[in-house]
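Here is a short note for a colleague opening this structure for the first time. Please read the points in order, with the structure in view.

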Amino acid sequence: ASVIKSELMNLLAGYANVENRPCGLDGKEETDGAVHKLTQELEEVFRNDLDYELRMFDDNKLLGDWELTYSTSFKFRRWQAVLNSENTMGNINQVETDGLT
């Protein structure tokens, strides 16, 4: 896993050196394939290394602060935000939050 992660981080660092905007905003679909390939390999290694069913995974291990390093999201690149733009979002008061605060 560490070899794949190192390859991925090196790839992203290379992209960061040639792209003018952070987090993959200048990324291209043509270069996304390599990112997708390495992340899929990393996920496969993670799943194969589990000595129990994935549904038994303790998701508390993922709690904490995270930093977005790179995104291949078309929406993120187009709107430069993860949320929809104000024009396409509709009435914010009608959004269901399912009890989130």
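Predicted model: local features only at pLDDT ≥ 70, side-chain atom pairs only at ≥ 80, totals over all residues.

1. **Helix 2, its length.** Start with helix 2, which has 21 residues. At 1.5 Å a residue, helix 2 should span 30 Å.

2. Which residues of helix 2 are buried? They are Asp 32, Val 35 and Leu 38. These residues cover an arc of only 135 degrees around the axis, which puts them on the same side of helix 2. The face turned away from that buried side carries exposed residues: Glu 29, Glu 30, Gln 40, Glu 44 and Asn 48. As for partners, the buried residues of helix 2 pack against helix 1 and helix 3.

3. **Helix 1, its length and faces.** Helix 1 runs over residues 2-18 and has 17 residues. From first C-alpha to last it reaches 25 Å, close to the 24 Å expected at 1.5 Å a residue. Its buried residues are Ile 4, Leu 8, Leu 12 and Tyr 15. They cover an arc of only 65 degrees around the axis, which puts them on the same side of helix 1. Ser 2, Val 3, Asn 10 and Asn 17 are exposed on the other side. Helix 2 is part of what covers the buried residues of helix 1.

4. **The nonpolar core.** Nonpolar side chains tend to be buried together in soluble globular proteins. Here, the largest nonpolar core has 7 residues. Its members are Ile 4, Leu 8, Leu 12, Tyr 15, Val 35, Leu 38 and Tyr 70. Helix 1 and helix 2 each supply at least two residues of this core. Which helix gives the most to this core? Helix 1 does, with 4 residues.

5. **Tyr 15 and the aromatic pairs.** Look next at Tyr 15. Beyond residues up to four places away in sequence, Tyr 15 touches Thr 31, Ala 34, Val 35 and Tyr 70. Aromatic rings come next: the count comes to 2 aromatic pairs. In one of them, the rings of Tyr 15 and Tyr 70 have their centres 5.7 Å apart. Their planes stand at 40 degrees, so the pair is tilted. Tyr 15 lies in helix 1 and Tyr 70 in the loop between helix 2 and helix 3, so the pair ties together parts that are 55 residues apart in sequence. Are these two tyrosines, Tyr 15 and Tyr 70, buried or exposed? Both are buried.

6. **Phe 46 and Phe 57.** The rings of Phe 46 and Phe 57 also pair, with centres 5.7 Å apart. Their planes are at 85 degrees, so this pair is edge-to-face. Phe 46 sits in helix 2 and Phe 57 in the loop between helix 2 and helix 3, 11 residues apart. Phe 46 is partly exposed, because its relative accessible area is 37%.

7. **Asp 32 and Arg 77.** Asp 32 belongs to helix 2, and Arg 77 is found in helix 3. Asp 32 counts as buried because its relative accessibility is 6%. Arg 77, at 13%, counts as buried too. Their side chains make a polar contact at 2.8 Å. Leaving aside neighbours within four places in sequence, Asp 32 is in contact with Tyr 70, Thr 72 and Arg 77.

8. **What else Arg 77 reaches.** The side chain of Arg 77 also reaches the backbone oxygen of Gly 24 at 2.8 Å. Not counting residues up to four places away in sequence, Arg 77 touches several others, among them Leu 25, Gly 27, Lys 28, Glu 29 and Ser 71.

9. **Leu 68 in the loop.** Finish with Leu 68, in the loop between helix 2 (29-49) and helix 3 (74-79). Leu 68 is partly exposed, because its relative accessible area is 42%. It touches Cys 23 and Phe 76, not counting residues up to four places away in sequence. How many residues separate Leu 68 and Gly 24 in sequence? They are 44 residues apart in sequence, and 9.6 Å apart in space, C-alpha to C-alpha.

Note on methods: Residues numbered from 1 in each chain as written. Heavy atoms only, no water. Buried < 20%, exposed > 50% of the residue type's maximum accessible area, 1.4 Å probe, protein only. Contact = heavy atoms within 4.5 Å. Expected span 1.5 Å × (residues − 1). Arc of directions from axis to C-beta. Polar contact = N/O pair within 3.5 Å; in protein donor to acceptor, adjacent residues only side chain to side chain. Phe/Tyr/Trp six-rings, centres within 6.5 Å; stacked < 30°, edge-to-face > 60°. Core = buried A, V, L, I, M, F, W, Y, C linked by side-chain atoms within 4.5 Å.
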